[in-house]
Amino acid sequence: MKLAHGSRRHGAMRPLKATSSSPSSGAGAQQSSSSSPAAVSSPEAVGVKQRVLITGSTRGLGLALAREFLARGDDVFITSRDADRVASVVAELSRDADGRVAGIAADVRDAVSIERMATAAVDAFGGVDLWINNAASNGYAYENLADADPSTLEEIIMTNSLGSLLCTRQAIRTMKVYPGRGHVFNLEGAGSDGSATRKYAAYGHSKAGMAQLAKTMASENKDSGTLVGVHTISPGMVFTELIS
């Protein structure tokens, strides 16, 4: 684990932009939609420093988001399964971020690993204001479901579906204490609107559940008085390792 410690004094949400209800109403927010990866924001505050945790943030869209938040003056927690890659990215980003970057290797398929990640983020920055569930897999396979390797299907569903559930669960548990409110964003993708995803059925299946999860969390958090918004966001077509 390699951590860089940042400021402990922060406010609520700001960056990127999305439209959804605010946890200040007592409800978990529902669904957001945008065609831009720079589209995550909170209705609470503009120009306020945030503590941001991004899963799958050592490459691709996750890394691009990390750079954007750092450019805006926020603290960013980096994480992926690859410990060496996490250490490398933390070191690289820290050169221009003045201690505003920390990170730890974590597996979104494992609840214990996720809890350890959340604890490390709190230790580094004092809390998490914005949690982005970006980690995802398509198995790097393009084939009909009938021809798919079961291990590939398991990898996709465990990472995308179970991973989003476990991370959303932990994000709510963490934010309820540190700092008592926050926002969680689950990324949509092909299949989120219920359309066919020929040749990558498992990926589309996993993404189709994101909107339903946001609606369910809106109901649960409202009933429990939890001030954590759970949203979805669609970055549109982004050319990363998943589709290259």
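N133 is buried, with a relative accessible area of 4%, where buried means under 20% relative accessible area, exposed over 50% and partly exposed in between (1.4 Å probe, protein chains only). This is a predicted model, in which local features need pLDDT of at least 70 and side-chain atom pairs count only at pLDDT 80 or more, while totals for chains, interfaces and linings use all residues. Residues are numbered from 1 along each chain as its sequence is written, and side-chain values use heavy atoms, with hydrogens and water left out.

N133 belongs to strand β4, residues 130-133; strands (E, at least two residues) and helices (H or I, at least four) are DSSP runs numbered from the N terminus. The side chains of N133 and T168 are joined by a polar contact of 3.4 Å, that is, a pair of N or O atoms within 3.5 Å of which, within protein, one must be able to donate a hydrogen and the other to accept it, residues adjacent in sequence counting only if both atoms are side-chain atoms. Residues up to four places away in sequence aside, N133 touches T55, S164, C167, T168, V184, F185, N186 and L187, contact meaning heavy atoms within 4.5 Å.

Leaving aside neighbours within four places in sequence, Q170 is in contact with I114, E115, A118 and W131.

## The nonpolar cores

A nonpolar core is a set of buried Ala, Val, Leu, Ile, Met, Phe, Trp, Tyr and Cys residues joined through side-chain atoms within 4.5 Å. The largest has 26 residues, and L53, F77, M117, W131 and V184 are those with the most contacts inside it. Two or more residues of this core come from each of β3 (101-105), α3 (111-125), α4, α6 (210-224) and β6 (228-233), with α3 giving the largest share, seven residues.

M117 touches L53, T55, F77, T79, I104, A106 and W131, not counting residues up to four places away in sequence. A second, separate core of 21 residues includes L63, L65, V76 and I233.

## The lining of the largest cavity

The largest cavity is lined by 13 residues, of which A148, L153, I156, K199 and Y200 lie nearest its centre; on a 1 Å grid over the protein atoms alone, a cavity is a set of points where a 1.4 Å probe fits but cannot get out, and lining residues have an atom within 4 Å of a point. Helices α4 (150-175) and α5 (201-208) each supply at least two residues of this lining, and α4 gives the most, with three.

How values were computed: On a 1 Å grid over the protein atoms alone, a cavity is a set of points where a 1.4 Å probe fits but cannot get out, and a pocket is an open set with protein on both sides within 12 Å along at least five of seven lines; lining residues have an atom within 4 Å of a point.
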